[in-house]
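Hi,

Here is the structure I said I would pass on.

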Amino acid sequence: MSALARFCVLNKKKTGGSDRDLSGADVLRQFGIKVFPSGTTALAGYDAVVYTDAIERGDEELKLARALKKTVIPRARFLAAVADCFSQVVAVAGCHGKTTCTAMLASIFSSAGRRFSAHIGGNSVQFSNFCSFGNDWFITEACEYKKNFLALRPDIAVVTSTEPDHLECYGGADDLFSCYRKFASRARSAVAMYCDRLAGEVGAVTFGGDENADFSAAEISGGKGAYSFTLSAFGRETGRVNLRVLGRHNVFNALAAAAAAYCSGVEGEDIVRGLEQFEGVERRMQLLGKYGGARCVADYAHHPTEIAAALKTAEKITEGKLFVVFQPHTYSRTKNLFGQFVNVLSGVRRLMIYRTFAAREYFDEEGCAFTLSRAVKKSRYGDRPEDIERFISAAGEGDTVLFLGAGDIYFIARDIVSVSGDCAGR
């Protein structure tokens, strides 16, 4: 939403917003965007109101907007209207890696000197969550929640993975897959993982670890979590890529971005250079600082597959003991993927499961963090920041504390590290 607000300001529109949490408001105010507490009547001074799916239909501000006969627009439809302002659109969907892949594409397009703008679902180190260098290309993250990504009609559609997620919004995994297929088939070019059945069904340009993929990685090597590989495009070596970001999974994100960039006409040397210049995204294996001598790292992982990838990376960079604090994101996801969560977390020796970040949902005992904690043997449960501090107090030099989740666990972790006086960058 904040990225869309910045687009509006860039196009000389009076822009404001409301939120129940104003902790990030100062950044928006720097761009001339007024931010008000939720429940105010400030929207009376604006012509249109854009709202996210996190807002309930009975929300007082939405009711007021309709009573004042304002134009009321769902976020997905507004994003689609923004995309229509550009000559060509690249949209990145999928269960894992959307934000990183989108930010990698922005880095590649920047390296290639393209005229583009990017709408990123997280804060890229290089570009924040929005950048504008022209109107030829629009790179955007496409969210599957409530089928929002189907509002977009991209020229190039990227699907990083079709693993089940957001099943509370779909009739089941088959319904979700059919929506991915619809999203990809409408594009001029589609990019999909080689081993995903979507690739064959839509005739996609493929990426993956298999040498038969259109875009593949050979001679993969990793040192302290950062990986290098030889990029091959349609069987021809394009160059050696030395990634700055941690995690083997980022090799696959890089391959997806490379394939999408190729489909847009970017040269191989610009792809390699753009990937090497990519500095990462906030909350993706981000070093926060130290606590009691232990390195503290935050990652957005909130799906079992993402958690497994984050754990592998953390183990690789940890010399001593690994402490993990995981916050489930929404009751429905935890309930729908309960067995997978138990399986991936059961191998963690030092684990705290922190209270669920409900987001837009109401309490559900079957999908709550306490229920998950009881199912994962030897895990602890916490519902206050003080519980986390007690848990990680045993960590010391050479150890790593990994904070996982897409909710407010990041801000809690950042505050804990800040109080310790050993934040990264200080």
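**Salt bridges**

D399 counts as buried, since its relative accessibility is 5% (buried is under 20% relative accessible area, exposed over 50%, partly exposed in between, with a 1.4 Å probe and protein chains only). Before I go on: this is a predicted model, where local features need pLDDT of at least 70 and side-chain atom pairs count only at pLDDT 80 or more, while totals for chains, interfaces and linings use all residues. Residues are numbered from 1 along each chain as its sequence is written, and side-chain values use heavy atoms, with hydrogens and water left out.

Back to D399: its salt-bridge partner is K321, with the closest N and O atoms 3.6 Å apart (a salt bridge is a side-chain nitrogen of Lys or Arg within 4 Å of a carboxyl oxygen of Asp or Glu). K321 is partly exposed, at 33% relative accessibility. The two sit in distant parts of the chain, 78 residues apart: K321 in the loop between α10 and β17, D399 in the loop between α14 and β20. (Helices, H or I of at least four residues, and strands, E of at least two, are DSSP runs numbered from the N terminus.)

There are 16 salt bridges in the structure. Another one pairs R240 with E219, at 3.9 Å between the closest N and O atoms. R240 belongs to strand β14 and E219 to strand β12, so this pair ties together parts 21 residues apart in sequence. R240 is partly exposed at 32%, whereas E219 is exposed at 58%. Inside helix α14, D387 and R390 are three residues apart, about one helical turn, and their side chains meet in a salt bridge of 2.5 Å, N to O.

**Rings**

The structure has 18 aromatic pairs (rings of Phe, Tyr and Trp, the last by its six-membered ring, with centres within 6.5 Å; planes under 30 degrees apart are stacked, over 60 edge-to-face, the rest tilted). The rings of F7 and F86 are tilted, with centres 6.2 Å apart and planes at 40 degrees. F7 is in helix α1 and F86 in the loop between α4 and β5, 79 residues away; both are buried. F149 and F183 are tilted as well, at 5.1 Å and 35 degrees. F149 is buried at 1%, and F183 at 0%.

Which residues touch the most other members of the largest nonpolar core? They are L105, V158, F229, L231 and L243, out of 46 residues. (A nonpolar core is a set of buried Ala, Val, Leu, Ile, Met, Phe, Trp, Tyr and Cys residues joined through side-chain atoms within 4.5 Å.) Helix α8 gives this core its largest share, 10 residues. A second, separate core has 38 residues, including F78, V82, F138 and A187.

As for α8 itself (residues 249–263), 12 of its 15 residues are buried, so the rest of the structure largely encloses the helix. Just after α8, G265 takes a positive phi of about 95 degrees.

Cheers
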